[in-house]
Amino acid sequence: MWKKETIAHHEAGHAVIARVLDIPVSYATLDAHDGAGAVVTTSSATDLAPDDLEAPEKYAIVALAGPQAQHHYRPMSLEAQNRACDGGWRVDRANATSLLAMLVLRQHGKPAVPGSYVELDGPETEEFDRLFSHTTQKTADLVEENWPAIQRVAAALLSRPALTEGDIDALIAGHD
């Protein structure tokens, strides 16, 4: 049962932080009908305006919020975290990395769209490293600040087939 509870906290992290950052959430579930398993469906980062310099970081935070909430629920050693980044967290980390790299390019006036391959040069790489570190800390802070809501959403995910945005918002507000 601990594994399902851990996954529930991971998905609750994505859902709660998305809503805290005012990103729409279609639904959250631990058992998607398309075989995808546990998912939180938000509005897509691929629809971001090319000149938007705020939303990419928000979406990166949402991507990192799942692993951060999972680690908060069930702390892992650095070695276990590295294994998770090579395994189940790979997609979340890759999404965050892509969004932040795209943001760095946009800040330098270079065209970049979500999901496209990006290559950073020396100064851009240093800027990306600082941004990734800052975003990771910001994510940890948001998960800590919203931990009671994440726990409520995780509990609801364990007892219901799916949660809507309205359900998630009510749970964040402290209502069941």
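**About the model.** Residues are numbered from 1 along each chain as its sequence is written, and side-chain values use heavy atoms, with hydrogens and water left out. Since this is a predicted model, local features need pLDDT of at least 70 and side-chain atom pairs count only at pLDDT 80 or more, while totals for chains, interfaces and linings use all residues.

**View 1. How confident is the prediction, on average, across the protein?** The average pLDDT (the predictor's confidence in each residue, from 0 to 100) is 85 for the protein, and 84% of the residues score at least 70. Helix α6 (residues 147-159) has the highest confidence, at 96, whereas helix α3 (residues 78-86) has the lowest, at a mean of 68. Helices here are DSSP runs (H or I, at least four residues), numbered from the N terminus.

**View 2. Asp169 and Arg19 meet in a salt bridge.** A salt bridge means a side-chain nitrogen of Lys or Arg within 4 Å of a carboxyl oxygen of Asp or Glu, and that rule gives a count of four. In this one, N to O is 2.7 Å. Asp169 belongs to helix α7 (residues 165-172) and Arg19 to helix α1 (residues 2-20), so the bridge ties together parts that are 150 residues apart in sequence. Arg19 is buried, at a relative accessible area of 16%, while Asp169 is partly exposed, at 29%. Buried is under 20% relative accessible area, exposed is over 50%, and partly exposed is in between (1.4 Å probe, protein chains only).

**View 3. Lys138 pairs up with Glu57.** Here the closest N and O atoms of the salt bridge are 3.7 Å apart. Lys138 sits in helix α5 (residues 122-145) and Glu57 in helix α2 (residues 55-73), so this pair ties together parts 81 residues apart in sequence. Which of the two is buried? That's Glu57, with a relative accessible area of 14%; Lys138 is partly exposed, with 32%.

**View 4. Glu124 makes a salt bridge with Lys110.** Their closest N and O atoms are 2.6 Å apart. Glu124 is in helix α5 and Lys110 in the loop between α4 (90-107) and α5, 14 residues apart, and the pair links distant parts of the chain.

**View 5. Arg19, Glu165 and Asp169 form one network.** What joins these residues? Salt bridges that share partners do the joining.

Conventions: Helix = DSSP H or I, 4+ residues; strand = E, 2+ residues; numbered from the N terminus.
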